[in-house]
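Q: Please take a close look at one part of this model for me. I care about pockets and what lines them.
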Amino acid sequence: MLEKMIEILKKNPRKIVFPEGTDPRILEAAARLKKEGFLTPVLIGAQDAVKAAAAKAGQDITGIEIVDIAAFPDFEKMVATMVELRHGKMDEAACRASLQKSNYFGTMYVKMGYADALLGGATYSTADTVRPALQLVKCKPGHKIVTSCFLLHRPDGKGGSEMYAMGDCAINIDPNEDELVEVAQGTAETARTFGMEPKVAFLSYSTKGSGKGDSVDKMRSAAEKLIAQHPDYDVDGELQFDSAVAPAVASLKAPGSKVAGKANVFIFPDINAGNIGYKIAQRLGGFEAVGPIMAGLNAPINDLSRGCNAEEVYKMAVITAALK
């Protein structure tokens, strides 16, 4: 999966900024990226503190750019730009105070074109990564929300791999019909980036009216709206998970469906179902889960799990930069 992304980055040099420049996991991943040379890492933090943290972690960060907020030459320009972006919502003092924090500073660093992408969340919460992105980078035209998905993959035993996309498992708590359409769009677009041809299943405890309830209606209506907006996608719903993935079940419960029995993009009714679903696949199914991968923003910005390791930071850095 990563090989395709790395080839993209070799042909299109990009720079990714890490707001948490003293974190040992970030330093290990950044050192590896610098050594491999296909992606340029930038670390935010005080020079002495970053270098001391790298020495303590045993990481060689020679040649990696370190951006110290206190010494950044364009800081006043950054403040003025943020005041303009937050006009009427944050005054100069509030913007200046926010930019002392590396999550806001890093987001503005991307917004102003100093870097192409940002990867945060090793110590910041998801909200502290997403909020500055929404306020400063903002959503793409046609998008009202930021969505997320996880990619799950494992060897198929035949020299290849199985790959699926699941959304939204990390950001939108209880999306309505229109928000589910955006979740599905973002998840399908991400799947296509990774070479998948999306077959989108809107999941439920019901298949084609076998159950009743508001959440069933929500999933069915969202599927219908996505079909109307994107006739180029293969979409169906509402579908139970077994109907979505098992051909034998699909032939009984959803005969004639282009998606049932062969879905590879799964849209959950809420964050509870999504988060539980991907973790079951990860922990019991032997899948590697990569994400959350965000969609809908004007620049590639992603959030790490605070329990991540350096390998996960490395992989998410490659994926994030390749999404631009």
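Which domain does UniProt place at residues 2-321?

A: UniProt, in an unreviewed entry, places "Phosphate acetyl/butaryl transferase" at residues 2-321 (positions follow the numbering used here, the name is shortened, and the annotation may be inferred rather than shown by experiment). The model is predicted: local features need pLDDT of at least 70, side-chain atom pairs need 80 or more, and totals for chains, interfaces and linings use all residues. Numbering starts from 1 along each chain, and side-chain values use heavy atoms, without hydrogens or water.

Residues 2-321 are 45% helix and 18% strand (DSSP runs numbered from the N terminus: H or I of at least four residues, E of at least two). The end C-alpha atoms of that stretch are 12 Å apart.

A pocket is an open set of points on a 1 Å grid over the protein atoms alone, where a 1.4 Å probe fits, with protein on both sides within 12 Å along at least five of seven lines; lining residues have an atom within 4 Å of a point. Points join across faces, edges and corners, and volume is the space filled by probe spheres set on them.

β10 (288-295) supplies the largest share of this lining, 5 residues. α12 (271-284) and α13 (310-322) each supply at least two.

The second largest pocket has a volume of about 340 Å³. It is lined by 17 residues; M166, F241, F266, G277 and A281 lie nearest its centre. α12 gives the most here, 4 residues.
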